[in-house]
Amino acid sequence: MINKLILVVTVLVFAALHAGAQNSKAFYESVVRSSDDAAKRPIVLPPVDPSDIVWAKTLWREVILREKMNLPLYYPTKPIDGRMSLIDVMMQGIEKSYKTAYDDDELQTPITMEEIKSRFDARGDTMTRLNNETGERETVVVAAEINTDEVKRLLVKELWFFNKRTSRLETRVIALCPVREYTRDDGYEGIMKKRLFWIDYGEFRDLFAKQKVFNYQNDAGRLTVDDIFLKRYFNSRIYQESNVYDNRSINSYAVGMDAILESDRIKNDIFNQEQDFWEY
């Protein structure tokens, strides 16, 4: 009787261990990758009546994705653990979700996926190979490969405005532009930069709200791409503001430290503008 009891207990223990081993993957994914990610919707932004906006300024920022604070938008260079880089989310949205890419930050001129691939210098190649059925050599087209890890910068167009109804200085991201960094094959040693396309941020928010990114502090509480921009969890510098000179950029009239100081001046002007609306 005792031997039978020991046998039953042993079987139950092994069964429990086996069940735990079987469910380890499911348990991990339930913690790190929530099952409701696909159904997640972006946070509804409060409506703003244009008549309540008493002051506004358009700014353009440059985000260097290789800076430590911005790394969650650059990595992983290949999808892993349900995560993917910002550029991969954009490319997937354009190619599979029928989102629109534009050639300019005014979001006026749509461009095709083929044009985007050409800006990656991803041109199809041809090769000859032996056809095993006919025994003859034939020419085939080899699909071009896009190296999305070359996108190391991001341009952000945003609107800052003072809302008299809430008595707050608020901001809305309007458009994003990935920038490719690469070297040429003709012996030129400098780093080339190329703007690939612009997207309407609001059009992509449904994808950004579902896409998790790495959280340095907590694997069980990962952020989304939408959280990064709404909560301003990124580092950037202002490189352009709306102005009378055809919206010229800072680099057109200042370089080096002068450009950095000019960027800081614009940032401080925005801060002081909010203070000027208050009466103490």
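Ala, Val, Leu, Ile, Met, Phe, Trp, Tyr, Cys and Pro are counted here as nonpolar, Asp, Glu, Lys and Arg as charged, and the others, Gly among them, as polar. The structure described is a predicted model, in which local features need pLDDT of at least 70 and side-chain atom pairs count only at pLDDT 80 or more, while totals for chains, interfaces and linings use all residues. Residues are numbered from 1 along each chain as its sequence is written, and side-chain values use heavy atoms, with hydrogens and water left out.

The protein chain contains 8 helices and 12 strands, where helices (H or I, at least four residues) and strands (E, at least two) are DSSP runs numbered from the N terminus. Of its 280 residues, 35% count as buried, a term that stands for under 20% relative accessible area, with exposed meaning over 50% and partly exposed lying in between (1.4 Å probe, protein chains only). The accessible surface of the chain comes to about 17700 Å², and 53% of this belongs to carbon and sulfur atoms; such areas come from the Shrake-Rupley method with a 1.4 Å probe, and for residues only the protein chains shown count as cover. Among contacts (heavy atoms within 4.5 Å) between residues at least 6 apart in sequence, 62% join residues at least 24 apart.

Grid points are joined across faces, edges and corners, and a volume is the space filled by probe spheres set on the points. By this rule there is 1 cavity of 30 Å³ or more, and the largest cavity has a volume of about 40 Å³. Its lining consists of Leu-65, Leu-73, Tyr-74, Thr-77, Ser-85, Ile-87, Thr-148, Asp-149 and Val-151, which divide into 5 nonpolar, 3 polar and 1 charged.

The largest pocket holds about 390 Å³ of space, and among its 18 lining residues Leu-45, Thr-171, Arg-172, Val-173 and Leu-230 lie nearest its centre. Two or more lining residues are given by each of β7 (168–182), α6 (201–208) and α7 (225–230), with β7 giving the most, at 7 residues. The second largest pocket has a volume of about 290 Å³, and the closest to its centre of the 13 lining residues are Asp-88, Met-91, Gln-92, Glu-95 and Thr-148. Helix α4 (residues 86–96) gives the most to this second lining, with 5 residues.

Ile-116 lies in helix α5 (residues 113–119) and counts as buried because its relative accessibility is 0%.

Arg-61, in strand β1 (residues 53–64), likewise counts as buried, because its relative accessibility is 9%. Its side chain makes polar contacts with the side chains of Glu-158 (2.4 Å) and Ser-236 (3.3 Å), a polar contact being a pair of N or O atoms within 3.5 Å, of which, within protein, one must be able to donate a hydrogen and the other to accept it, and residues adjacent in sequence count only if both atoms are side-chain atoms.

Technical notes. 1 Å grid on protein atoms, 1.4 Å probe; cavity = no way out; pocket = protein on both sides within 12 Å on 5 of 7 lines; lining within 4 Å.
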